[in-house]
Protein chains: 2
Amino acid sequence: MQAHEDGAESTVTQAMSASAPGPMTALAKRARLAARTLATSPTSARDRALWAAAAALREASDTILEANAKDLAASTAKDAFRDRLTLTPERIEAIARGLEDMADLPDPVGRVLEEWTRPNGLRIRRVATPVGVIGVIYESRPNVGADAAGLCIKSGNAVLLRGGSESLHSARAIHAAMQAGLRAADLPEDAVLIAPDADRKHVAEMLGASGLVDLLIPRGGRSLVERVQKDARVPVLAHADGLCHTYVHAAADHGMARRIVLNAKMRRTGICGATETLLIDAAIAPTLLPSIVADLAEFGCTFKADAAAREIVPTLPAATEQDFRTEWLDAVLNIAVVDGVDEALDHISRFGSSHTEAIVTADEAVANRFMTGTDSAVVMWNASTQFCDGGEFGFGAEIGIATGRFHARGPVGVEQLTTFRYEVVGTGQVRS
Amino acid sequence: MQAHEDGAESTVTQAMSASAPGPMTALAKRARLAARTLATSPTSARDRALWAAAAALREASDTILEANAKDLAASTAKDAFRDRLTLTPERIEAIARGLEDMADLPDPVGRVLEEWTRPNGLRIRRVATPVGVIGVIYESRPNVGADAAGLCIKSGNAVLLRGGSESLHSARAIHAAMQAGLRAADLPEDAVLIAPDADRKHVAEMLGASGLVDLLIPRGGRSLVERVQKDARVPVLAHADGLCHTYVHAAADHGMARRIVLNAKMRRTGICGATETLLIDAAIAPTLLPSIVADLAEFGCTFKADAAAREIVPTLPAATEQDFRTEWLDAVLNIAVVDGVDEALDHISRFGSSHTEAIVTADEAVANRFMTGTDSAVVMWNASTQFCDGGEFGFGAEIGIATGRFHARGPVGVEQLTTFRYEVVGTGQVRS
């Protein structure tokens, strides 16, 4: 919504006069033309493209693995970073199946979101439409290119991909399969375009492509996301931080609180929906906190605790203020003792990242106070913050999680890759 | 969605370190605190504030008129510009009644937009929530401050107003009445704040207030709107241009086409939903265009026509390409003859501003092709483009029209001043 939305032509002129256009501008112009075709293409053509792309991926499996071997040979990445970059026949099959699953989702385009009739007989309906051209900036995971392209095709959008330098060969091989899918469905292959190389100038060009790129989705580490959020002149869907809180209220069931905190922190520590900070009511902490700490310690969790928590469990290491601002993405839990729901909300307002917060309580009034008192995208009552996920929400597939205040918040699936228009149907009405 | 959404605290620090904070930063911080109270305030309190503000406006009528007299004495504006600045007892009464009408609207906050249950029993609902702090930058019309403040109070938002230098005294007198309304309802008066003066630096500060101001709404001339759209680091709801088209298709009913074109152009020529360009099919133009031209000429309209139109009505002045890019906001109509719906869509894609377009036709397939083929916020079939208006849509009151691709598009009423959160209600579920 930030960029202004002149006709493509005039905005292209502006973008070009502002600074010499690079290759991404030319690609974005091609993508915009393709987007017009995608936007009015039948559901069946887009689904056919996804099936065909899945087949093309399987067929090109050897070529993709060779390209990936080149990337791996050139990479100095180790451990988890190397693993992210690595493709295997199984992973290629999983990507292909993912595309087929997208084809099975209902078409998000054309849904009538609202409909009403005015006293003068005008029928007004709000109808879901594709966004246009979506720019996806990602780092080393080669599958992101296929997933993002699939979600964009499904939702009638064109996509402009810019992968990281580490996965360049893999990304290009996958891109070729996506374009083969489009061709097989008689859709323009320019609906999925990729940067010619990993030059950083391409990112800058995409960030400034107001009027050419309608939406940017950065997928990668915090520094990439923050740079995009800071410098983009185009709307961005993303989250930089997932500093999620679980608040155990005085009226919580002890067993439920222990299960939820253990799961929210330890099920997978590296995802953005993992709880980083436990807030626990002073009234319940003396009896409950020692068990929670013991549960988590058993699975290797370490702790950063405030003074009140350390009075209850003296062996806990002390937390600094900075710890409460830190998204550990690891087996580390911040702990603060609070005096009721308002103090919990104050803590979240001060340290939170508007991602996901949970309360455990048997008291419905307190739960409602908590859920209406944050500005987070997702609030949960008696459930684990790890449920913040497109699949768990029933969206089928997700391109990421957004924490901004507009458009999509929380998991971003195919429905969230649409916007809408008003269609007004009359019988010759004029305004008096 | 463009700004990143850290906790208020950390973002405040960032905003402050980026450049020395001015008075708007301090006001925005106060507004954010007030916004937290507004967001959870009961419907009745917000409605009471609107009733009380209306009463305060009526009570302060003399004071407001005196303030307005000062503004008028200092102003060199003439004609329509002077009229915009002028308040009368009747206009103050209209502003007050407008606030009371807003109080009668249903509460847009807390609406359950969607609701579903997952197989694991998690209940997920999408609930409308206030946006937070809305910045409204306006020019000479003093009523905009009251209307914007009223819509923001109704939708649970805090608002930061920055009026133009011409209406400074009037704006401050109106602001005092709005705050009196908030106090009468025991709501924080910081929910409606106004810039201390009309220093242009305040605008720059608001445009950069990422994390402090959640949404900017510029209300005024094109140069103001374009500057805000270009420089804001905060999401913007606005439209710079309303270059609306009415396309008369070959299968149009002649009488209906004549009535709609006359109304779409001439009912009020100065509003953004007025048609600026008539596109007419070559097949129907020879018989229909002369009558349309005669209808409009009778009401003083002049024309800018392409070569094909001038072959049919040789007295029409020639249009330049620039004319087709011009929002006249006056009794001037561009005319182009096209060869079918696709050529009409190409013209709109090239010259349009994504605002409102209409087609007149008896052919449903062509109408659907047209309505799905633009990226405009509003598309109409057999109706006048002048219906693009919050009141006509049934929204009660509007703060403006948006042509961006995200969040609100078309008329922006109180529902469009909300965003949403997901509320997930469980019974102790953990993720496997």
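1. R431(B) counts as buried at 13% relative accessibility, where buried means under 20% relative accessible area, exposed over 50% and partly exposed in between, with a 1.4 Å probe and protein chains only. R431(B) forms a salt bridge with E392(A), the closest N and O atoms being 3.3 Å apart; by definition, a salt bridge is a side-chain nitrogen of Lys or Arg within 4 Å of a carboxyl oxygen of Asp or Glu. Because R431(B) lies in the segment after strand 15 (418-429) of chain B and E392(A) in helix 17 (residues 390-393) of chain A, the pair joins two chains. E392(A), at 22% relative accessibility, is partly exposed.

2. This is a predicted model, in which local features need pLDDT of at least 70 and side-chain atom pairs count only at pLDDT 80 or more, while totals for chains, interfaces and linings use all residues. Residues are numbered from 1 along each chain as its sequence is written, chains are lettered from A in the order in which they are written, and side-chain values use heavy atoms, with hydrogens and water left out.

3. Within chain A, a salt bridge of 3.0 Å, N to O, brings together the side chains of K265(A) and E276(A). The pair links distant parts of the chain, eleven residues apart, with K265(A) in helix 11 (residues 254-266) and E276(A) in strand 8 (residues 275-281); helices (H or I, at least four residues) and strands (E, at least two) are DSSP runs numbered from the N terminus. K265(A) is buried at 0% relative accessibility, and E276(A) is likewise buried at 0%.

4. In chain B, D231(B) and K230(B) meet through their side chains in a salt bridge of 3.6 Å, N to O. Here D231(B) is partly exposed, with a relative accessible area of 33%, whereas K230(B) is exposed at 60%. Salt bridges that share partners also join R32(A), D214(A), D375(B) and R405(B) into one network.

5. An automatic or database domain assignment divides chain A into domain 1 (8-240 + 409-424) and domain 2 (244-393), whose C-alpha centres lie 35 Å apart. Their contact, meaning heavy atoms within 4.5 Å, takes five residues from domain 1 and eleven residues from domain 2.

6. The area buried between these two domains of chain A is about 530 Å², of which carbon and sulfur atoms give 63%; buried area is the accessible area (1.4 Å probe) that two parts lose on being put together, summed over both. In domain 1, H239(A), R409(A) and P411(A) lose the most area to domain 2, together 77% of what that side buries. Across this interface the rule finds zero salt bridges.
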